[in-house]
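Hi,

Here is the structure I promised to pass on. Have a look at it first, and my notes on the domain contact follow below.

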Amino acid sequence: MKIGTSTQVYALIGDPVEHSLSPLIHNLAFQSLKLNCVYLTFHVRIHELDKAIKGIKALGVSGFNVTVPHKVAILSFMDEIRPSASVIGAINTVVNDDGKLVGYNTDGQGALAALLNEGANPKGKRVVLLGAGGAARAIAFTLTPIVDKLIILNRTGSKASILAKQLEKRFRKEVEGKILSSKKLSDELDDTDILINSTSVGMYPNVDESLVDRKMIRSDMTVFDIVYNPLETKLIKEAKASGAKTVGGAKMLVYQGALSFEIWTGKKPPIEKMLKVVIEKLKEA
Ligand SMILES: NC(=O)c1ccc[n+]([C@@H]2O[C@H](COP(=O)([O-])OP(=O)(O)OC[C@H]3O[C@@H](n4cnc5c(N)ncnc54)[C@H](OP(=O)(O)O)[C@@H]3O)[C@@H](O)[C@H]2O)c1
């Protein structure tokens, strides 16, 4: 693929963007499918978001991903917000349809695809979700209609209970949202099928941290940690040692990116190749 006058530009906007793996996976996918497209990163500071959006429209950037700190602020710049993003109140993928900006969120579906890919279908299962931040919200809105019971535990208890109430209202289904404590977590994990860590605990550089005591992990449960740096968090290492099925954050990263790619191009990207380069890169790190 030669960059030329007809090359379509896709991008990531955020602050910071330097360590993002998105250019790696999207450029690999564009090249594999021989699409005349390129994916770049733009470092956009919070007070410059409006200028960046004007620039994106003026320059005809075809689509873009949005990361911290713009995932919520970007909502007000959209001409249309798809339900995947409006229910969560955050956008990670935008299509620029001739100046009309359409916002999506692929985090929840990306997490579900990662679970399904590992043979851990959450349908009808009891799921404990740690966290009530942006990623947790996306996962909770995707999983609530599918699972038997969702229990959200968060350091700030009020955020968990507010999220649970929003989910109950939308899906007319009981969802528990409580403050996270070691006792509560231990009690809940007794009969839980799937545990998902969607907090940032265990993320580089705090790689020796985990919210879950190893003794709480049973061999017949699935442990999914959405943190992808390091490739194997302390939680994932301990879950593996306990004989549990594990799902790492790198899978979710690739699947949510793959869904953005499909939204932009209408084509399925090479997921296995994308996962391979992400794993290689994270191993190097
Ligand atoms: N694999 C992927 O594709 C993917 C996608 C998105 C995000 N992520 C990762 O997921 C993590 C969360 O991202 P986010 O966007 O949801 O962040 P966020 O909105 O800032 O939420 C952070 C969450 O972590 C909790 N938390 C932070 N420090 C904690 C601590 N010391 N003890 C207990 N809870 C703590 C917060 O609890 P409080 O509410 O009490 O502050 C909150 O629930 C990050 O590591 C991010 O890199 C991965």
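The protein chain splits into domain 1 (8–105 + 251–284) and domain 2 (108–247), with bounds from an automatic or database domain assignment. Bear in mind that this is a predicted model, where local features need pLDDT of at least 70, side-chain atom pairs count only at pLDDT 80 or more, and totals for chains, interfaces and linings use all residues. Residues are numbered from 1 along each chain as its sequence is written, and side-chain values use heavy atoms, with hydrogens and water left out.

Taken over C-alpha atoms, the centres of domain 1 and domain 2 lie 25 Å apart. Domain 1 puts 13 residues into the contact and domain 2 puts in 19, contact meaning heavy atoms within 4.5 Å. Between them the two domains bury about 1400 Å², 73% of it on carbon and sulfur atoms; that is the accessible area (1.4 Å probe) lost on putting the two parts together, summed over both.

On the side of domain 1 that touches domain 2, α9 (249–265) and α10 (271–284) each supply at least two residues, and α9 gives the most, with six. Helices here are DSSP runs (H or I, at least four residues), numbered from the N terminus.

Cheers
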